[in-house]
Amino acid sequence: MNRAFSRKKDKTWMHMPEALSKHYVPYNAKFLGSTEVEQPKGTEVVRDAVRKLKFARHIKKSEGQKIPKVELQISIYGVKILEPKTKEVQHNCQLHRISFCADDKTDKRIFTFICKDSESNKHLCFVFDSEKCAEEITLTIGQAFDLAYRKFLESGGKDVETRKQIAGMQKRIQDLETENMELKNKVQDLENRLRTTQVSSTPAGGVTVTSPSTDIFDMIPFSPISHPSPTSAGNGTQLPPIPSRSSEIKRDLFGAEPFDPFNCGAGDFPPDIQSKLDEMQEGFKMGLTLEGTVFCLDPLDSRC
């Protein structure tokens with residue numbers, strides 16, 4: 001396949017963008033298997049992997065084993081490898097992890113791609129046999145990669161701005177909670193002084209039985225170290241106790257654990273989110289190579 005792919009050449013792709021961004025494009029193929037490779041790119045790298053897997057399949061075929069059929073579902077979210085009948089997902093290869101894709105020049109049925117495994121971080125070469133669609137599948141993966149890259153830039157920028165706003169709101173909440181606690185401590189200090197004054201003004205030798213002291217509103221003052229006992233309502237029934245603040249990790253309005261704005265900068269994210277963004281950025285920056293020709297990408301947006 002002697003073709004060069006570059007966004008600058010405005011290449012006409014195989015499918016309408018909506019087919020890959022809102023749905024997926026299915027293909028049927030035979031799966032020769034996958035094997036670990038040392039490099040993320042290179043014609044010789046995939047050539048050796050194809051030879052290795054072809055030889056292994058030849059031996060299994062001589063033993064009466066058939067090459068398993070699979071369904072490929074290609075979209076901007078990745079390349080899924082499924083069992084055709086049960087639709088069970090055998091492999092899910094995210095596009096930013098795919099670094100090389102090619103169809104064999106000598107055997108038009110064979111196509112392959114290299115993907116970095118999400119768990120072991122090893123580079124795996126997947127090899128397939130498609131009688132009529134090998135080249136088309138390669139082009140479709142290239143188009144999906146291009147669309148996924150653009151979507152990453154667009155959504156990545158929006159996520160950055162949204163998370164900056166969330167960080168600002170959470171910092172404001174932290175400030176208000178700190179201010180509220182300081183006011184409560186001041187009120188408690190004033191209550192303690194008032195109680196001390198009342199005790200010192202009691203006549204010497206007198207024994208006074210007093211009920212719990214109350215504030216100017218005739219209410220028992222709040223104590224952050226004590227839990228109020230259930231109080232009775234006017235009809236004699238007991239009101240449920242006021243729930244105490246949980247010492248567990250606080251969560252925001254969406255049920256997520258908020259990151260600490262005092263330990264994170266305005267543009268920083270929680271470790272799990274930041275590592276995912278870094279991983280995607282690194283994968284897209286590496287680009288996708290189709291049959292030895294670099295699928296060029298513009299420099300990544302500085303916002304991401």
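Lys 54 is partly exposed, with a relative accessible area of 32%. Here buried means under 20% relative accessible area, exposed means over 50%, and partly exposed lies in between (1.4 Å probe, protein chains only). The model is predicted: local features need pLDDT of at least 70, side-chain atom pairs count only at pLDDT 80 or more, and totals for chains, interfaces and linings use all residues. Residues are numbered from 1 along each chain as its sequence is written, and side-chain values use heavy atoms, with hydrogens and water left out.

Lys 54 forms a salt bridge with Asp 107, at 3.1 Å from N to O. A salt bridge is a side-chain nitrogen of Lys or Arg within 4 Å of a carboxyl oxygen of Asp or Glu. Lys 54 belongs to helix H2 (residues 43–62), whereas Asp 107 sits in the loop between strand E5 (98–103) and strand E6 (110–116), so the pair ties together parts that are 53 residues apart in sequence. Helices (H or I, at least four residues) and strands (E, at least two) are DSSP runs, numbered from the N terminus. Asp 107 is buried, at 15% relative accessible area. Side chains of opposite charge can pair when their charged atoms come close.

The whole structure holds 9 salt bridges. Another of them joins Arg 193 to Asp 189, with the closest N and O atoms 3.3 Å apart. Both residues lie in helix H3 (residues 134–200). They are 4 residues apart, about one turn of the helix. Arg 193 is exposed, with a relative accessible area of 54%. Asp 189 is partly exposed, at 34%. Elsewhere, salt bridges that share partners join Lys 54, Asp 107, Arg 109 and Asp 129 into one network.

A further salt bridge pairs Lys 87 with Glu 71, their closest N and O atoms being 2.3 Å apart. This pair links distant parts of the chain, 16 residues apart. Lys 87 lies in the loop between E3 and E4, and Glu 71 in strand E2 (residues 69–75). Lys 87 is partly exposed, with a relative accessible area of 41%. Glu 71 is buried, at 7%.

In E2, 6 of its 7 residues are buried. E2 runs antiparallel to strand E1 (residues 25–37), and 6 bridges join the two. Two strands pair if DSSP finds at least two bridges between them. Within E2, Val 70 is the bridge partner of Ala 29. E2 also runs antiparallel to E3, joined by 5 bridges. Gly 78 in E3 is the bridge partner of Ser 75. E2 and E3 form a hairpin with 2 residues between them.

Glu 83 lies in the loop between strand E3 (78–82) and strand E4 (89–93). Glu 83 is partly exposed, with a relative accessible area of 23%. A polar atom of the Glu 83 side chain lies 2.8 Å from the backbone nitrogen of Thr 86. Such a polar contact is a pair of N or O atoms within 3.5 Å; within protein, one must be able to donate a hydrogen and the other to accept it, and residues adjacent in sequence count only if both atoms are side-chain atoms. Glu 83 also touches Glu 88 and Gln 90, not counting residues up to four places away in sequence. Contact means heavy atoms within 4.5 Å. The C-alpha atoms of Glu 83 and Pro 68 are separated by 8.7 Å, with the two residues 15 apart along the chain.
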